[in-house]
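Please read the following report with the sequence and the structure side by side, and find each named residue in both as you go.

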Amino acid sequence: MKRVEVKLLLGVFVMAVFGALLLLPAPAQAKPRPQTFRSLTGHVFSKDNKPVSKAVVYLKNTKTHQVENYISDPDGSYHFPWLSPTVDYEVHAEFKGASTDTKMISSFDTRKQLDIVLRLR
């Protein structure tokens with residue numbers, strides 16, 4: 001074969017390979033999984049089991065040490081939506097110098113809705 005014919009055949013071959021690659025379907029992109037969240041609700045009660053309005057409820061992310069707070073409603077209720085399922089949390093409440101025990105929320109707890117009662121000591 002002549003050198004020109006070899007170059008021409010090689011060029012045709014390379015173009016055919018690239019053309020075939022263009023016809024292949026694009027690789028499937030990994031679709032991001034929608035983030036699922038947990039929600040924490042509960043109530044703050046006094047020693048004598050009465051709901052405590054305006055108690056400060058603290059929620060600590062144990063990974064980042066970020067603390068959020070919520071002022072309890074008139075019925076003593078509190079609510080923290082959008083908790084990450086992969087993070088452990090600590091929650092406790094304080095009111096007029098009294099506090100509750102700190103409760104742990106584990107990332108191993110797979111419940112979507114958590115309800116924790118906090119009782120002042």
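Lys-50 counts as exposed because its relative accessible area is 51%, where exposed means over 50%, buried means under 20%, and partly exposed covers what lies in between, computed with a 1.4 Å probe and with protein chains only. The side chain of Lys-50 meets that of Asp-48 in a salt bridge, with 3.9 Å from N to O. The term salt bridge is used here when a side-chain nitrogen of Lys or Arg lies within 4 Å of a carboxyl oxygen of Asp or Glu. In general, side chains of opposite charge can pair when their charged atoms come close.

This is a predicted model, in which local features need pLDDT of at least 70 and side-chain atom pairs count only at pLDDT 80 or more, while totals for chains, interfaces and linings use all residues. Residues are numbered from 1 along each chain as its sequence is written, and side-chain values use heavy atoms, with hydrogens and water left out.

By the salt-bridge rule, the count comes to three, and the table lists them.

| Salt bridge | N to O distance |
|---|---|
| Lys-50 and Asp-48 | 3.9 Å |
| Arg-121 and Asp-101 | 3.3 Å |
| Asp-109 and Arg-111 | 2.6 Å |

What does the pair of Arg-121 and Asp-101 tie together? Arg-121 and Asp-101 form a salt bridge whose closest N and O atoms are 3.3 Å apart. Arg-121 lies in the segment after S8, and Asp-101 lies in the loop between strand S6 (98–99) and S7, so the pair ties together parts that are 20 residues apart in sequence. Arg-121 is exposed, at 53% relative accessibility, whereas Asp-101, with a relative accessible area of 44%, is partly exposed. In the pair of Asp-109 and Arg-111, Asp-109 is partly exposed with a relative accessible area of 22%, and Arg-111 is partly exposed as well, with 48%.

**The chain as a whole**

The protein chain has one helix and eight strands, and these follow the pattern α-β-β-β-β-β-β-β-β when they are read along the sequence. Helices (H or I, at least four residues) and strands (E, at least two) are DSSP runs, numbered from the N terminus. Of the 121 residues of the protein chain, 25% count as buried. Among contacts with a separation of 6 or more, 57% are accounted for by residues 24 or more positions apart, a contact meaning heavy atoms within 4.5 Å.

**An open sheet**

Three strands, in the order S4-S1-S8, form an open sheet with mixed pairing. S4 and S8 stand at the edges, each with a single partner strand, so one side of each is left without a neighbour in the sheet. On average, and with direction ignored, neighbouring strands of this sheet are turned by 20 degrees against each other.

Two strands are said to pair if DSSP finds at least two bridges between them. Strand S1 (residues 38–45) pairs with S8 in the parallel sense over seven bridges, and with S4 in the antiparallel sense over five bridges. Towards S8, Val-44 stands opposite Leu-118, and the bridge partner of His-43 is Val-117. Towards S4, the bridge partner of Gly-42 is Tyr-78. S1 is mostly covered, since seven of its eight residues are buried.

**Aromatic rings**

The structure holds three aromatic pairs. Rings of Phe, Tyr and Trp (its six-membered ring) pair if their centres lie within 6.5 Å, and planes under 30 degrees apart count as stacked, over 60 as edge-to-face and the rest as tilted. Tyr-70 and Phe-80 have ring centres 6.0 Å apart and planes at 65 degrees, so this pair is edge-to-face. The pair links distant parts of the chain, with Tyr-70 in strand S3 (residues 67–71) and Phe-80 in strand S4 (residues 77–83), 10 residues apart. Tyr-70 is partly exposed at 23% relative accessibility, while Phe-80 is buried with a relative accessible area of 4%. Tyr-70, Tyr-78 and Phe-80 form one aromatic cluster.

**A ring in a loop**

Is Phe-108 buried or exposed? Phe-108, which lies in the loop between strand S7 (103–105) and strand S8 (113–119), counts as exposed because its relative accessibility is 75%. From C-alpha to C-alpha, Phe-108 and Val-87 are 9.0 Å apart in space, and they are 21 residues apart in sequence.

Notes:
Axes fitted to C-alpha atoms, helices over the stretch in contact; angles between N-to-C directions.
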